[in-house]
Amino acid sequence: MPERSPRERARQAVEAAWRIEWPRLVAGLTRVVGDIGAAEELAQDAHVAALEQWPRDGVPANPGGWLMLTAKHRAIDRIRRDATFARKLELLGREVELDEEPPEPAEAISDDLLRMIFTACHPVLTPPARAALTLRMVGGLTVCEIARAYVISESTVAQRIVRAKKTIATRKVPYEVPQGAELTARLDSVLEVIYLIFNEGYTATSGERWVRAELCEDALRLARILSALLPGEPETHGLAALLELQASRTGARSADGNDMVLLADQDRAHWNRLYIRRGFAALARAHTLARTRGGPGRYALQAAIAAVHAMAPTAADTDWRRIAGLYAVLAQRFPSPIVELNRAVAVAMLHGPAAGLELADKAAASGALDDYHLLYAVRGDLLARLGHTDDARAAFLRAAELTANTTEQALLTERANKA
(Lines give C-alpha, C1' and ligand atoms only; values in the text may rest on other atoms or scores of the structure.)
Protein backbone atom coordinates (compact mmCIF):
# COMPACT_ATOMS: atom_id res chain seq x y z
CA MET A 1 0.00 0.00 0.00
CA PRO A 2 1.53 3.37 -1.03
CA GLU A 3 2.30 5.79 1.77
CA ARG A 4 -0.26 8.56 2.12
CA SER A 5 0.83 12.06 1.18
CA PRO A 6 1.03 14.79 3.85
CA ARG A 7 -1.99 16.44 2.24
CA GLU A 8 -4.03 13.25 2.44
CA ARG A 9 -3.00 12.68 6.06
CA ALA A 10 -4.08 16.24 6.88
CA ARG A 11 -7.47 15.72 5.24
CA GLN A 12 -7.98 12.52 7.20
CA ALA A 13 -7.06 14.39 10.39
CA VAL A 14 -9.72 16.97 9.55
CA GLU A 15 -12.39 14.32 9.12
CA ALA A 16 -11.36 12.50 12.32
CA ALA A 17 -11.42 15.74 14.33
CA TRP A 18 -14.75 16.70 12.79
CA ARG A 19 -16.34 13.40 13.72
CA ILE A 20 -15.06 13.51 17.29
CA GLU A 21 -15.45 17.23 18.01
CA TRP A 22 -18.68 18.00 16.14
CA PRO A 23 -21.11 17.45 19.06
CA ARG A 24 -19.01 19.50 21.48
CA LEU A 25 -18.45 22.17 18.85
CA VAL A 26 -22.15 22.62 18.06
CA ALA A 27 -23.15 22.49 21.74
CA GLY A 28 -20.58 25.14 22.66
CA LEU A 29 -21.52 27.37 19.73
CA THR A 30 -25.21 27.08 20.60
CA ARG A 31 -24.39 28.48 24.03
CA VAL A 32 -22.63 31.40 22.34
CA VAL A 33 -25.13 32.26 19.57
CA GLY A 34 -28.32 30.89 21.11
CA ASP A 35 -29.51 29.03 18.01
CA ILE A 36 -28.87 25.39 17.02
CA GLY A 37 -29.19 26.02 13.28
CA ALA A 38 -26.75 28.94 13.35
CA ALA A 39 -24.34 26.88 15.47
CA GLU A 40 -24.39 24.07 12.90
CA GLU A 41 -23.64 26.51 10.08
CA LEU A 42 -20.75 28.04 12.00
CA ALA A 43 -19.35 24.59 12.76
CA GLN A 44 -19.61 23.69 9.08
CA ASP A 45 -17.77 26.89 8.18
CA ALA A 46 -14.95 25.86 10.52
CA HIS A 47 -14.90 22.41 8.91
CA VAL A 48 -14.50 23.92 5.44
CA ALA A 49 -11.74 26.22 6.73
CA ALA A 50 -9.89 23.23 8.20
CA LEU A 51 -10.11 21.37 4.88
CA GLU A 52 -8.54 24.39 3.21
CA GLN A 53 -5.88 25.27 5.77
CA TRP A 54 -4.69 22.07 7.50
CA PRO A 55 -3.28 20.45 4.33
CA ARG A 56 -1.39 23.69 3.68
CA ASP A 57 -0.36 24.77 7.21
CA GLY A 58 -0.30 21.47 9.09
CA VAL A 59 -2.59 19.90 11.68
CA PRO A 60 -2.86 22.09 14.82
CA ALA A 61 -1.86 20.72 18.22
CA ASN A 62 -5.42 21.20 19.50
CA PRO A 63 -7.78 20.37 16.61
CA GLY A 64 -10.93 20.87 18.66
CA GLY A 65 -9.75 24.23 19.97
CA TRP A 66 -8.83 25.32 16.44
CA LEU A 67 -12.28 24.45 15.14
CA MET A 68 -14.02 26.26 18.02
CA LEU A 69 -11.84 29.37 17.66
CA THR A 70 -12.41 29.49 13.91
CA ALA A 71 -16.16 29.07 14.34
CA LYS A 72 -16.25 31.90 16.89
CA HIS A 73 -14.41 34.16 14.45
CA ARG A 74 -17.08 33.28 11.88
CA ALA A 75 -19.68 34.19 14.49
CA ILE A 76 -18.09 37.63 14.91
CA ASP A 77 -18.28 38.15 11.15
CA ARG A 78 -21.98 37.30 11.19
CA ILE A 79 -22.64 39.55 14.16
CA ARG A 80 -20.96 42.46 12.38
CA ARG A 81 -23.25 41.88 9.41
CA ASP A 82 -26.39 41.66 11.49
CA ALA A 83 -27.27 44.70 13.59
CA THR A 84 -29.79 42.71 15.64
CA PHE A 85 -26.89 40.80 17.19
CA ALA A 86 -24.59 43.79 17.65
CA ARG A 87 -25.05 43.78 21.39
CA LYS A 88 -23.29 40.39 21.55
CA LEU A 89 -20.17 41.55 19.74
CA GLU A 90 -18.27 42.96 22.69
CA LEU A 91 -18.86 39.89 24.86
CA LEU A 92 -17.94 37.42 22.12
CA GLY A 93 -14.90 39.48 21.10
CA ARG A 94 -13.54 39.39 24.64
CA GLU A 95 -14.02 35.62 24.77
CA VAL A 96 -12.05 35.11 21.56
CA GLU A 97 -9.26 37.48 22.62
CA LEU A 98 -8.58 35.64 25.84
CA ASP A 99 -6.35 33.17 24.07
CA GLU A 100 -5.53 32.43 20.46
CA GLU A 101 -6.41 28.77 21.00
CA PRO A 102 -8.26 28.51 24.32
CA PRO A 103 -8.89 25.01 25.62
CA GLU A 104 -12.47 24.45 26.65
CA PRO A 105 -12.66 23.22 30.28
CA ALA A 106 -13.99 19.67 30.51
CA GLU A 107 -16.77 20.87 32.82
CA ALA A 108 -17.91 23.51 30.31
CA ILE A 109 -17.96 20.97 27.48
CA SER A 110 -20.02 18.53 29.58
CA ASP A 111 -22.43 21.27 30.65
CA ASP A 112 -22.92 22.31 27.02
CA LEU A 113 -23.67 18.73 26.00
CA LEU A 114 -26.11 18.34 28.88
CA ARG A 115 -27.87 21.59 27.92
CA MET A 116 -28.11 20.32 24.39
CA ILE A 117 -29.67 17.04 25.52
CA PHE A 118 -32.33 18.72 27.62
CA THR A 119 -33.06 21.22 24.87
CA ALA A 120 -33.45 18.43 22.34
CA CYS A 121 -35.67 16.50 24.78
CA HIS A 122 -38.12 19.36 25.32
CA PRO A 123 -41.80 18.31 25.61
CA VAL A 124 -42.76 20.34 22.52
CA LEU A 125 -41.07 17.58 20.48
CA THR A 126 -42.39 14.07 19.99
CA PRO A 127 -40.38 11.30 21.69
CA PRO A 128 -38.99 9.97 18.36
CA ALA A 129 -37.94 13.50 17.39
CA ARG A 130 -36.22 14.03 20.75
CA ALA A 131 -34.16 10.89 20.38
CA ALA A 132 -33.24 11.54 16.75
CA LEU A 133 -32.25 15.17 17.36
CA THR A 134 -30.14 14.41 20.41
CA LEU A 135 -28.38 11.49 18.76
CA ARG A 136 -27.51 13.81 15.90
CA MET A 137 -26.61 16.92 17.92
CA VAL A 138 -24.91 15.30 20.92
CA GLY A 139 -23.90 11.84 19.75
CA GLY A 140 -22.70 13.05 16.38
CA LEU A 141 -24.38 10.09 14.68
CA THR A 142 -25.22 10.38 11.01
CA VAL A 143 -28.78 10.12 9.74
CA CYS A 144 -27.93 6.66 8.41
CA GLU A 145 -26.67 5.46 11.80
CA ILE A 146 -29.76 6.77 13.58
CA ALA A 147 -31.99 5.09 11.01
CA ARG A 148 -30.26 1.76 11.60
CA ALA A 149 -30.48 2.18 15.37
CA TYR A 150 -34.26 2.62 15.11
CA VAL A 151 -34.76 0.32 12.10
CA ILE A 152 -36.52 3.09 10.12
CA SER A 153 -35.79 4.89 6.85
CA GLU A 154 -33.18 7.63 6.54
CA SER A 155 -35.76 10.03 5.09
CA THR A 156 -37.91 9.60 8.20
CA VAL A 157 -34.97 10.41 10.47
CA ALA A 158 -33.98 13.44 8.38
CA GLN A 159 -37.53 14.81 8.49
CA ARG A 160 -37.71 14.36 12.25
CA ILE A 161 -34.48 16.28 12.76
CA VAL A 162 -35.44 19.16 10.45
CA ARG A 163 -38.89 19.50 12.02
CA ALA A 164 -37.48 19.28 15.55
CA LYS A 165 -34.99 22.09 14.95
CA LYS A 166 -37.70 24.21 13.35
CA THR A 167 -39.99 23.62 16.35
CA ILE A 168 -37.25 24.56 18.82
CA ALA A 169 -36.60 27.78 16.91
CA THR A 170 -40.23 28.81 16.43
CA ARG A 171 -41.25 27.92 20.00
CA LYS A 172 -38.13 29.65 21.37
CA VAL A 173 -37.11 26.66 23.50
CA PRO A 174 -34.44 27.88 25.97
CA TYR A 175 -30.98 26.37 25.79
CA GLU A 176 -30.74 25.32 29.41
CA VAL A 177 -31.04 22.49 31.90
CA PRO A 178 -34.58 22.73 33.37
CA GLN A 179 -35.30 22.68 37.08
CA GLY A 180 -37.81 21.01 39.38
CA ALA A 181 -40.78 19.13 37.98
CA GLU A 182 -39.94 20.04 34.39
CA LEU A 183 -36.56 18.36 34.69
CA THR A 184 -38.11 15.16 36.07
CA ALA A 185 -40.70 15.14 33.28
CA ARG A 186 -38.00 15.11 30.62
CA LEU A 187 -35.81 12.56 32.34
CA ASP A 188 -37.09 9.39 30.61
CA SER A 189 -36.28 10.61 27.12
CA VAL A 190 -32.90 11.93 28.26
CA LEU A 191 -32.03 8.55 29.76
CA GLU A 192 -33.10 6.80 26.56
CA VAL A 193 -30.98 9.06 24.41
CA ILE A 194 -27.85 8.58 26.53
CA TYR A 195 -28.44 4.83 26.43
CA LEU A 196 -28.75 4.85 22.62
CA ILE A 197 -25.60 6.94 22.25
CA PHE A 198 -23.72 4.40 24.35
CA ASN A 199 -25.11 1.50 22.33
CA GLU A 200 -23.92 3.07 19.08
CA GLY A 201 -20.44 3.29 20.57
CA TYR A 202 -20.55 -0.18 22.10
CA THR A 203 -21.66 -1.87 18.87
CA ALA A 204 -21.38 0.50 15.90
CA THR A 205 -24.19 0.11 13.38
CA SER A 206 -21.99 0.82 10.38
CA GLY A 207 -18.42 1.28 9.22
CA GLU A 208 -15.33 -0.82 9.83
CA ARG A 209 -15.03 -0.29 13.58
CA TRP A 210 -17.09 -2.53 15.81
CA VAL A 211 -16.48 -0.32 18.86
CA ARG A 212 -16.51 3.50 18.89
CA ALA A 213 -15.01 4.12 22.30
CA GLU A 214 -15.41 7.91 22.08
CA LEU A 215 -19.21 7.55 21.97
CA CYS A 216 -19.15 5.17 24.94
CA GLU A 217 -17.10 7.68 26.90
CA ASP A 218 -19.44 10.55 25.93
CA ALA A 219 -22.49 8.62 27.09
CA LEU A 220 -20.78 7.42 30.25
CA ARG A 221 -19.70 10.95 31.17
CA LEU A 222 -23.23 12.26 30.57
CA ALA A 223 -24.71 9.45 32.67
CA ARG A 224 -22.37 10.34 35.54
CA ILE A 225 -23.28 14.03 35.26
CA LEU A 226 -26.97 13.21 35.20
CA SER A 227 -26.78 10.97 38.29
CA ALA A 228 -24.96 13.77 40.13
CA LEU A 229 -27.54 16.30 38.96
CA LEU A 230 -30.46 14.10 40.07
CA PRO A 231 -29.10 12.07 43.01
CA GLY A 232 -32.60 11.17 44.22
CA GLU A 233 -33.74 9.57 40.95
CA PRO A 234 -33.07 5.80 41.00
CA GLU A 235 -32.93 5.39 37.23
CA THR A 236 -30.15 7.94 36.78
CA HIS A 237 -28.04 5.66 38.96
CA GLY A 238 -29.44 2.59 37.20
CA LEU A 239 -28.32 3.92 33.83
CA ALA A 240 -24.92 4.96 35.21
CA ALA A 241 -24.49 1.46 36.67
CA LEU A 242 -25.41 -0.20 33.38
CA LEU A 243 -23.02 1.92 31.33
CA GLU A 244 -20.16 1.56 33.83
CA LEU A 245 -20.50 -2.23 33.80
CA GLN A 246 -20.86 -2.45 30.02
CA ALA A 247 -17.98 -0.03 29.44
CA SER A 248 -15.76 -2.13 31.69
CA ARG A 249 -15.61 -4.72 28.88
CA THR A 250 -14.75 -2.32 26.06
CA GLY A 251 -11.01 -2.99 26.10
CA ALA A 252 -11.58 -6.73 25.80
CA ARG A 253 -14.23 -6.62 23.06
CA SER A 254 -11.99 -5.71 20.15
CA ALA A 255 -8.46 -5.09 18.93
CA ASP A 256 -8.08 -1.56 17.56
CA GLY A 257 -11.87 -1.35 17.29
CA ASN A 258 -11.95 -3.96 14.50
CA ASP A 259 -11.55 -7.57 15.61
CA MET A 260 -14.72 -8.77 17.35
CA VAL A 261 -14.22 -10.68 20.59
CA LEU A 262 -17.51 -12.09 21.84
CA LEU A 263 -18.37 -12.19 25.54
CA ALA A 264 -17.62 -15.88 26.00
CA ASP A 265 -14.14 -15.45 24.50
CA GLN A 266 -13.07 -12.26 26.26
CA ASP A 267 -10.03 -12.15 28.55
CA ARG A 268 -11.70 -10.93 31.73
CA ALA A 269 -8.37 -9.82 33.12
CA HIS A 270 -8.72 -6.94 30.66
CA TRP A 271 -12.07 -5.83 32.07
CA ASN A 272 -11.79 -2.46 33.80
CA ARG A 273 -12.10 -3.17 37.52
CA LEU A 274 -12.55 0.51 38.40
CA TYR A 275 -15.57 0.75 36.13
CA ILE A 276 -16.95 -2.45 37.66
CA ARG A 277 -16.60 -1.05 41.19
CA ARG A 278 -18.29 2.17 40.09
CA GLY A 279 -21.04 0.14 38.47
CA PHE A 280 -21.68 -1.89 41.62
CA ALA A 281 -21.80 1.30 43.70
CA ALA A 282 -24.25 3.00 41.33
CA LEU A 283 -26.41 -0.14 41.22
CA ALA A 284 -26.56 -0.23 45.02
CA ARG A 285 -27.73 3.40 45.06
CA ALA A 286 -30.35 2.64 42.40
CA HIS A 287 -31.77 -0.31 44.34
CA THR A 288 -31.83 1.63 47.61
CA LEU A 289 -33.79 4.47 46.03
CA ALA A 290 -36.09 2.11 44.08
CA ARG A 291 -37.44 0.49 47.25
CA THR A 292 -39.86 3.37 47.65
CA ARG A 293 -40.60 3.65 43.90
CA GLY A 294 -42.18 0.28 43.17
CA GLY A 295 -39.00 -1.64 42.41
CA PRO A 296 -36.05 -1.26 40.06
CA GLY A 297 -36.51 0.32 36.65
CA ARG A 298 -35.48 -0.95 33.22
CA TYR A 299 -31.90 0.33 33.46
CA ALA A 300 -31.33 -0.95 36.98
CA LEU A 301 -32.59 -4.40 35.93
CA GLN A 302 -30.27 -4.44 32.92
CA ALA A 303 -27.44 -3.30 35.18
CA ALA A 304 -28.19 -6.19 37.53
CA ILE A 305 -27.78 -8.57 34.57
CA ALA A 306 -24.47 -6.94 33.65
CA ALA A 307 -23.40 -7.27 37.29
CA VAL A 308 -23.94 -11.04 37.19
CA HIS A 309 -21.55 -11.24 34.23
CA ALA A 310 -19.05 -9.00 36.05
CA MET A 311 -19.08 -11.27 39.12
CA ALA A 312 -18.22 -14.40 37.10
CA PRO A 313 -14.43 -14.98 36.98
CA THR A 314 -14.83 -16.97 33.75
CA ALA A 315 -17.59 -17.41 31.17
CA ALA A 316 -18.18 -20.95 32.48
CA ASP A 317 -18.91 -19.56 35.95
CA THR A 318 -21.77 -17.33 34.74
CA ASP A 319 -24.96 -17.71 36.78
CA TRP A 320 -27.33 -18.14 33.84
CA ARG A 321 -30.23 -19.06 36.12
CA ARG A 322 -29.97 -15.65 37.78
CA ILE A 323 -29.68 -13.91 34.39
CA ALA A 324 -32.69 -15.75 32.95
CA GLY A 325 -34.69 -14.80 36.04
CA LEU A 326 -33.76 -11.14 35.72
CA TYR A 327 -34.72 -11.15 32.04
CA ALA A 328 -38.08 -12.68 32.98
CA VAL A 329 -38.69 -9.80 35.41
CA LEU A 330 -37.55 -7.28 32.80
CA ALA A 331 -39.85 -8.82 30.18
CA GLN A 332 -42.79 -8.73 32.57
CA ARG A 333 -42.30 -5.12 33.66
CA PHE A 334 -41.00 -3.65 30.38
CA PRO A 335 -42.07 -6.05 27.60
CA SER A 336 -40.40 -5.82 24.19
CA PRO A 337 -39.35 -8.28 21.48
CA ILE A 338 -35.66 -7.44 22.02
CA VAL A 339 -35.89 -8.24 25.73
CA GLU A 340 -37.53 -11.56 24.83
CA LEU A 341 -34.74 -12.28 22.36
CA ASN A 342 -32.13 -11.65 25.04
CA ARG A 343 -34.07 -13.85 27.42
CA ALA A 344 -34.01 -16.58 24.78
CA VAL A 345 -30.20 -16.50 24.78
CA ALA A 346 -30.09 -16.85 28.58
CA VAL A 347 -32.65 -19.67 28.55
CA ALA A 348 -30.64 -21.47 25.88
CA MET A 349 -27.56 -21.32 28.11
CA LEU A 350 -29.61 -22.67 31.01
CA HIS A 351 -31.95 -25.22 29.40
CA GLY A 352 -30.43 -25.86 25.98
CA PRO A 353 -30.73 -24.47 22.43
CA ALA A 354 -34.18 -25.96 21.72
CA ALA A 355 -35.74 -24.04 24.62
CA GLY A 356 -33.95 -20.89 23.54
CA LEU A 357 -35.04 -21.26 19.90
CA GLU A 358 -38.67 -21.62 20.94
CA LEU A 359 -38.50 -18.29 22.79
CA ALA A 360 -36.60 -16.61 19.95
CA ASP A 361 -39.29 -17.69 17.48
CA LYS A 362 -41.99 -16.30 19.77
CA ALA A 363 -40.12 -12.98 19.92
CA ALA A 364 -39.96 -12.94 16.13
CA ALA A 365 -43.65 -13.75 15.65
CA SER A 366 -44.80 -10.12 15.89
CA GLY A 367 -42.67 -9.14 12.91
CA ALA A 368 -41.09 -6.25 14.82
CA LEU A 369 -37.64 -7.86 14.51
CA ASP A 370 -37.85 -8.76 10.80
CA ASP A 371 -35.00 -6.35 9.94
CA TYR A 372 -33.05 -6.82 13.19
CA HIS A 373 -29.86 -8.65 12.32
CA LEU A 374 -29.29 -10.00 15.84
CA LEU A 375 -32.50 -12.03 15.61
CA TYR A 376 -30.97 -14.04 12.76
CA ALA A 377 -27.58 -14.19 14.47
CA VAL A 378 -29.18 -15.69 17.58
CA ARG A 379 -31.27 -18.12 15.52
CA GLY A 380 -28.19 -19.10 13.52
CA ASP A 381 -26.26 -19.90 16.68
CA LEU A 382 -29.08 -21.92 18.21
CA LEU A 383 -29.78 -23.81 14.96
CA ALA A 384 -26.08 -24.63 14.60
CA ARG A 385 -26.00 -25.99 18.15
CA LEU A 386 -29.00 -28.18 17.27
CA GLY A 387 -27.22 -29.50 14.16
CA HIS A 388 -29.53 -27.81 11.63
CA THR A 389 -26.65 -26.65 9.48
CA ASP A 390 -28.53 -25.49 6.36
CA ASP A 391 -30.98 -23.36 8.37
CA ALA A 392 -28.15 -22.01 10.52
CA ARG A 393 -26.16 -21.01 7.43
CA ALA A 394 -29.17 -19.20 5.97
CA ALA A 395 -29.80 -17.37 9.25
CA PHE A 396 -26.18 -16.21 9.56
CA LEU A 397 -26.15 -15.00 5.95
CA ARG A 398 -29.38 -13.06 6.51
CA ALA A 399 -27.85 -11.49 9.63
CA ALA A 400 -24.76 -10.48 7.65
CA GLU A 401 -26.96 -8.98 4.95
CA LEU A 402 -28.85 -6.82 7.47
CA THR A 403 -25.87 -5.29 9.30
CA ALA A 404 -23.88 -2.41 7.82
CA ASN A 405 -20.90 -3.00 10.11
CA THR A 406 -18.22 -4.67 8.00
CA THR A 407 -16.50 -6.31 10.98
CA GLU A 408 -19.77 -7.87 12.06
CA GLN A 409 -20.52 -8.90 8.48
CA ALA A 410 -17.18 -10.73 8.31
CA LEU A 411 -17.81 -12.64 11.51
CA LEU A 412 -21.35 -13.62 10.53
CA THR A 413 -20.23 -14.72 7.08
CA GLU A 414 -17.50 -16.82 8.69
CA ARG A 415 -20.06 -18.39 11.02
CA ALA A 416 -22.23 -19.19 7.98
CA ASN A 417 -19.32 -20.86 6.19
CA LYS A 418 -18.53 -22.98 9.27
CA ALA A 419 -22.14 -24.01 9.94
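Me: What makes the span of helix 21 close to the expected one?
Reply: Helix 21, residues 406-418, has 13 residues and reaches 18 Å from its first C-alpha to its last. The expected span is 1.5 Å times one less than the number of residues, which for helix 21 is given as 18 Å. The helix itself is a DSSP run (H or I, at least four residues; a strand is a run of E, at least two), and such elements are numbered from the N terminus. This is a predicted model, in which local features need pLDDT of at least 70 and side-chain atom pairs count only at pLDDT 80 or more, while totals for chains, interfaces and linings use all residues. Residues are numbered from 1 along each chain as its sequence is written, and side-chain values use heavy atoms, with hydrogens and water left out.

Me: Which residues of helix 21 are buried, and what covers them?
Reply: Thr 407, Glu 408, Leu 412 and Ala 416 are buried in helix 21. Buried means under 20% relative accessible area, exposed over 50%, and partly exposed in between (1.4 Å probe, protein chains only). Their cover includes strand 1, strand 3, helix 19, helix 20 and strand 4.

Me: Which residue caps the N-terminal end of helix 21?
Reply: Asn 405 does, with a side-chain oxygen 3.1 Å from the backbone nitrogen of Thr 407.

Me: Why is helix 10 called largely enclosed?
Reply: Twelve of its 16 residues are buried, so helix 10 is largely enclosed by the rest of the structure. Among them are Leu 187, Val 190, Ile 194 and Tyr 202. Helix 10 covers residues 187-202 and reaches 22 Å, close to the 22 Å expected.

Me: Which residues have the most contacts inside the largest nonpolar core?
Reply: They are Ile 194 and Leu 243, in a core of 122 residues. A nonpolar core is a set of buried Ala, Val, Leu, Ile, Met, Phe, Trp, Tyr and Cys residues joined through side-chain atoms within 4.5 Å. Leaving aside neighbours within four places in sequence, Ile 194 is in contact (heavy atoms within 4.5 Å) with residues including Ile 117, Leu 226 and Leu 243.

Me: Why is Cys 121 called buried, although Cys 121 lies in a loop?
Reply: Cys 121 has a relative accessible area of 0%, and therefore counts as buried. The loop runs between helix 5 and helix 6. Beyond four places in sequence, the contacts of Cys 121 include Arg 130, Arg 186 and Val 193. Cys 121 and Arg 186 are 65 residues apart in sequence and 6.4 Å apart in space, C-alpha to C-alpha.

Me: Is Lys 172 buried or exposed?
Reply: Lys 172 is called exposed because its relative accessible area is 69%. Lys 172 lies in the loop between helix 8 and helix 9. Its phi is near 55°, a positive value in a residue other than glycine.

Me: Why does Gly 297 count as buried?
Reply: Its relative accessibility is 15%, so Gly 297 counts as buried. Gly 297 lies in the loop between helix 14 and helix 15. Not counting residues up to four places away in sequence, Gly 297 touches Glu 235, Arg 333 and Phe 334.

Note on methods: A polar contact is a pair of N or O atoms within 3.5 Å; within protein, one must be able to donate a hydrogen and the other to accept it, and residues adjacent in sequence count only if both atoms are side-chain atoms.
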